[in-house]
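Dear colleague,

Please find below the structure that I am handing over to you.

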Amino acid sequence: MNSTYDYQQRPMTKSVLSVVLIGPDEERRRVLGVAFRQQQVAITGELGAYPNFNHLAKLTESDCDVVVVDLDRDPEVALDLVENICSRNSLITVMAYSSDRDPELLVKCMRAGAREFLSEPISSTVLAEAVIRASARRLELDRQKKVSGKILVFWGAKGGSGVTTLASNFAIALKRESSREVSLVDLNIQLGDLGVVLGLTPSFTIADALRNPERLDQDFVSTLLVEHSTGVSLLAAPDHCIPAPLVHNGNLGKLLYILRDQFPYVVVDAGPSLGGSREVVFEMADAIYLVTQAEISSLRNAQRLASHLQETAIGERRVEVVLNRYDPRNSEIDEARITKVLDLPLKWKVPNDYLNVRRSLDTGVPLALQNTPVARTVYQMAREACGKPALPVKKSKWGLF
Ligand SMILES: Nc1ncnc2c1ncn2[C@@H]1O[C@H](COP(=O)(O)OP(=O)(O)O)[C@@H](O)[C@H]1O
Ligand SMILES: [Mg+2]
C-alpha cells in the first residue's frame, strides 16, 4: 500500500496549491498525480486506503488546500469520507473522482460537500478549470484570514463556576474544529491557573507584558507564549500576585489588539472578576460566555452581570449563558426559572461529570481530547464559534464521538 500520512507543509511558493490524493487503486492515483502535476500543483500526500479516524483527523488538521477522493472502490465509504472532510474542515476543497457518470452519484457528491466532480478518464481542460476554481477559493480564504481575530471571553458568575475548565477545553476544541491558530489568555491575572490545568510551566507570563507596556508588539508577545501539545498558545497568569495598578484598560487593550492581529481566535479566561479592567475586555469581545451554575448565589451574580451587560453597549454583543455542572435530576432550580431570572436564553448546558473532570486533572489529558459529555458540549460551542454546523447527535463512523 502506498500511503503517506505525513503531510508535507504547504509549498513555499504561496501560489502553488497543495493536493492530497486518496484512493485504494494505485494506478488510478498515479494517473491523477500526473494530471494534477501538469497543472502546476504540489501533491503533498497520498493515501492508498480510505483513512481511519486518526488519519482523518491528521488530514483535516493539515495545511492542504485540496483533497481528491476516488469513489469507485467503495462509493458509500468514500461519500461518507467526503462528508466528514467537508464538515471537519470547510476550508479544504474536496474533489470526487469516479468512472461512473451517473447523475445520482454526482448529486450525492455535491450533497456531501464535494466542490468538483472529476470523471475518469480525466480531461486536462476540466481539471485545469477545477484547479483554477480551487486556487481562487484559496486566495479568497487567505484574504478572509487576514481579518483580525475574534475575542471569545469566558466569565464566571463566581469563583469555581468552571471558567478555567471550559475556556481551556473550548480553546483546544476550537483549534481542532477551525484548523486555525488559537491563543488562550489568562486574564484571571492574580489567581489564574490555566498553566497548571494544562500542565505547562511557562517561563514568561502576562505579568511581563503588563510590566513592559512600551515594549508590547507582536514579536515581544510571541516570546511570552507557551505552546500546549494541542497547538494552543497560552499566555499564562503569573504564580504570584502583581501590583493592581499594572492591570488597567490601556495595557490590557493593547495586549488584546496585538493578540487579535496575530491569532484568528483569542480565548480569554476572565475568571470571576476582572476588576476595573473589565470594560475594555468586554468592549473588545466578540462573544461573552457567562458561566454559571444552577444554585442561588451563582445565579444571583449571573443575573447582575447579565443585566449590567444588557444596560451597556456591550449588551448588543453576543452574551451566551453557559450553565455548568448541570444535572436536571439534582438541580435546585429548573431551567425555565433560570431563564426567567437571567432574562437570557440558556444557550449551553454542560453536564456535571466529576469523575472525568477529576481524571483529566490527574492524568493531564484535557477533556477535549476524550469522548466525555463535557467535551461533547464544548465541541458544539467551538463549532458554532467557528461557523460550523452542529454535530449530529447520531453516531457516525468518522464522527468525533
Ligand atoms: N462540568 C463539570 N463537571 C464536574 N466538575 C467540574 C465541571 N466544571 C468544572 N468542574 C470542577 O469545578 C472546579 C472549579 O472549576 P474551574 O474551572 O477551576 O472554575 P473557575 O475557573 O470558574 O474558578 C474544579 O475542580 C473543576 O475541576
Ligand atoms: Mg479559574
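D343 is exposed, with 11 other C-beta atoms within 10 Å. The model is a predicted one, in which local features need pLDDT of at least 70 and side-chain atom pairs count only at pLDDT 80 or more, while totals for chains, interfaces and linings use all residues. Residues are numbered from 1 along each chain as its sequence is written, and chains are lettered from A and ligands numbered from 1 in the order in which they are written.

D343 is located in the loop between α13 (335-342) and β13. Helices (H or I, at least four residues) and strands (E, at least two) are DSSP runs, numbered from the N terminus. The phi of D343 is near 60 degrees, a positive value in a residue other than glycine. R325 likewise is a residue other than glycine with positive phi, near 55 degrees. R325 belongs to strand β12 and is buried, with 24 other C-beta atoms within 10 Å.

Overall organisation

The protein chain is divided into domain 1 (18-144) and domain 2 (148-385); such bounds come from an automatic or database domain assignment. Taken over C-alpha atoms, the centres of domain 1 and domain 2 are separated by 37 Å.

The ligand shell

There are 17 residues around ligand 1, of which G162, V163, T164, T165 and V357 come nearest. A residue is taken as near a molecule or strand if its C-beta atom, placed from the backbone, lies within 6 Å of it. By class, the shell around ligand 1 holds 6 nonpolar, 9 polar and 2 charged residues. Ala, Val, Leu, Ile, Met, Phe, Trp, Tyr, Cys and Pro count as nonpolar, Asp, Glu, Lys and Arg as charged, and the others, Gly among them, as polar.

Three elements, α6 (163-178), β12 (318-326) and α14 (354-363), each supply at least two residues of this shell. I take them in turn.

Helix α6 is largely enclosed by the rest of the structure, because 16 of its 16 residues are buried. At 1.5 Å a residue, the 16 residues of α6 should span 22 Å, and its end C-alpha atoms are 21 Å apart, which agrees; the expected span is 1.5 Å times one less than the number of residues in the helix. After α6 comes S179, with a positive phi near 55 degrees.

In strand β12, 7 of the 9 residues are buried, so β12 too is largely enclosed by the rest of the structure. Strand β11 (residues 287-293) pairs with β12 in the parallel sense over 7 bridges; two strands pair if DSSP finds at least two bridges between them. A287 has R318 in β12 as its bridge partner. Strand β13 (residues 346-351) is joined to β12 by 4 bridges, and these two strands also run parallel. V321 stands opposite L346 in β13.

Of the 10 residues of α14, the number buried is 1, so α14 lies largely in the open. G364 follows α14 and has a positive phi, near 80 degrees.

The five-stranded sheet

An open sheet of 5 strands has the order β2-β1-β3-β4-β5, with parallel pairing. Its edge strands are β2 (42-47) and β5 (116-119), each of which pairs on one side only. The twist averages 25 degrees from one strand to the next; axes are lines fitted to C-alpha atoms, for helices over the stretch in contact, and angles run from 0 to 180 degrees between N-to-C directions.

Strand β4 (residues 93-98) runs parallel to β5, and 4 bridges join the two. Y97 stands opposite L118 in β5, and S98 has S119 in β5 as its bridge partner.

A cis peptide bond, with omega about 0 degrees, joins E120 and P121. P121 is found in the loop between β5 and α5 (124-145).

One further residue

N301 lies in helix α12 (residues 296-311) and is partly exposed, with 18 other C-beta atoms within 10 Å. N301 and V197 are 104 residues apart in sequence and 25 Å apart in space, C-alpha to C-alpha.

With kind regards

Note on methods
Buried ≥ 20, exposed ≤ 12 C-beta atoms within 10 Å, placed from the backbone.
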